[in-house]
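This report goes through aromatic rings, charges over rings and the surroundings of a ligand. Please look at the sequence and the structure first.

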Amino acid sequence: MPDITPEAAKPGIDTSRPHPARMYDYFIGGKNNFAADRETAEKMLVAQPGARTGARENRGFLGRAVRYLVEEAGIRQFLDIGTGLPTTNSVHEVAQAIEPAARVVYADNDPLVLAHAQALLRSSAEGRTAYIQADLRDPAAILADRVVRETLDFSQPVGLILVAVLHFIPDEDNPAEILATLLDALPSGSYLVASHSTAEHAPRDTMSAGVSAYRSGGVTLRLRDSDEFADLALTGLRVVPPGVVPVSEWRPESDGPHPSAAEVATYGAVGYKP
Ligand SMILES: C[S@@+](CC[C@H](N)C(=O)[O-])C[C@H]1O[C@@H](n2cnc3c(N)ncnc32)[C@H](O)[C@@H]1O
């Protein structure tokens, strides 16, 4: 049972239509979702049974990439756009467990994420976390935001996190320009962590059925293959080994068998801004 009811939702939150944040929450086993989200998510699971595995593997990738940035690259501040509903292993939890002084600004365009943002603000005493409601399609507004400017020091390297969000940006919204605007604002030594849904390993009709399931709920999903993802996210960056790989293959922590690329259907990569 969900721990929120439609009646409990804040004004401005439309619970009658599915939303990516709540569908993703459903896939990773969260409770912040409504009937419309579950219905579309279940349609998606019929079309693409690996969707749940993909979501969980994606979340694991996010944690490993943040740990890599703090432990091995010395990154101390993060801008996480397309945060999702609070769940375990949020960026500040992973980063501050290693470096308590780490700072994180979260941004999402879903009012429901805003309603739950309090859970993202439980920073360590030494560090800082902040949340802004913002749209990735307006990167200039994010960069100019007072909270962002007060929390992050743009003269020092930043870890920009765009995990499982770029596939919600269709080509007509100029995702490459969005990336360029964000990366231009970051100093050399900064990193990008990105992941992206793909149909490259799955039968076309399976994935297009998944895309249709999303579309029937009013959610646009633009799948990209590895070259399209790399062109979009990694142009001008040095790609950190192992490169563009299924998220489950990005520096896995166990030697055990990993789900197949077709099941995961999500690429992940980390890029360094020289
Ligand atoms: C699949 S969830 C990913 C959550 C988290 N990044 C992770 O990977 O675990 C995608 C999130 O992106 C958000 N989102 C989608 N389009 C967005 C946009 N244009 N601007 C900001 N956030 C967006 C959704 O509201 C949702 O919370």
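Is Tyr26 buried or exposed?

The model is a predicted one. In it, Tyr26 has a relative accessible area of 18%. Buried means under 20%, so Tyr26 counts as buried. Phe27 is buried as well, with a relative accessible area of 3%.

## Aromatic pairs

The model has five aromatic pairs. One of them joins Tyr26 and Phe27, whose ring centres are 6.5 Å apart; with 45° between the planes, this pair is tilted. Elsewhere, ring pairs connect Phe61, Tyr68, Tyr191, Trp250 and Tyr272 in a cluster.

## Charges over rings

Tyr26 also has a charged residue over its ring face: Arg52, at 5.5 Å from the ring centre. For Trp250, a member of the ring cluster, the residue in this position is Arg251, with its charged end 5.3 Å from the ring centre.

## The ligand

There are 20 residues around the ligand, and the nearest include Tyr24, Arg59 and Asp108. By class, this shell consists of nine nonpolar, six polar and five charged residues.

A polar backbone atom of Gly84 is 3.3 Å from a ligand oxygen. The side chain of Asp135 has an N or O atom 2.9 Å from a ligand nitrogen, and a polar backbone atom of Val163 is 2.9 Å from a nitrogen of the ligand. On its own, the ligand has 600 Å² of accessible area, of which the protein covers 97%. Helix H1 (20-27) and helix H3 (51-71) are the elements that each give two or more residues to the shell.

Note on methods
Residues are numbered from 1 along each chain as its sequence is written. This is a predicted model: local features need pLDDT of at least 70, side-chain atom pairs count only at pLDDT 80 or more; totals for chains, interfaces and linings use all residues. Side-chain values use heavy atoms; hydrogens and water are left out. Rings of Phe, Tyr and Trp (its six-membered ring) pair if their centres lie within 6.5 Å; planes under 30 degrees apart count as stacked, over 60 as edge-to-face and the rest as tilted. Buried means under 20% relative accessible area, exposed over 50%, partly exposed in between (1.4 Å probe, protein chains only). A charge sits over a ring if NZ of Lys or CZ of Arg is within 6 Å of the ring centre and within 35 degrees of the ring normal. A residue is near a molecule or strand if one of its heavy atoms lies within 4 Å of it. A polar contact is a pair of N or O atoms within 3.5 Å; within protein, one must be able to donate a hydrogen and the other to accept it, and residues adjacent in sequence count only if both atoms are side-chain atoms. Accessible areas come from the Shrake-Rupley method with a 1.4 Å probe; for residues, only the protein chains shown count as cover. Helices (H or I, at least four residues) and strands (E, at least two) are DSSP runs, numbered from the N terminus. Ala, Val, Leu, Ile, Met, Phe, Trp, Tyr, Cys and Pro count as nonpolar, Asp, Glu, Lys and Arg as charged, and the others, Gly among them, as polar.
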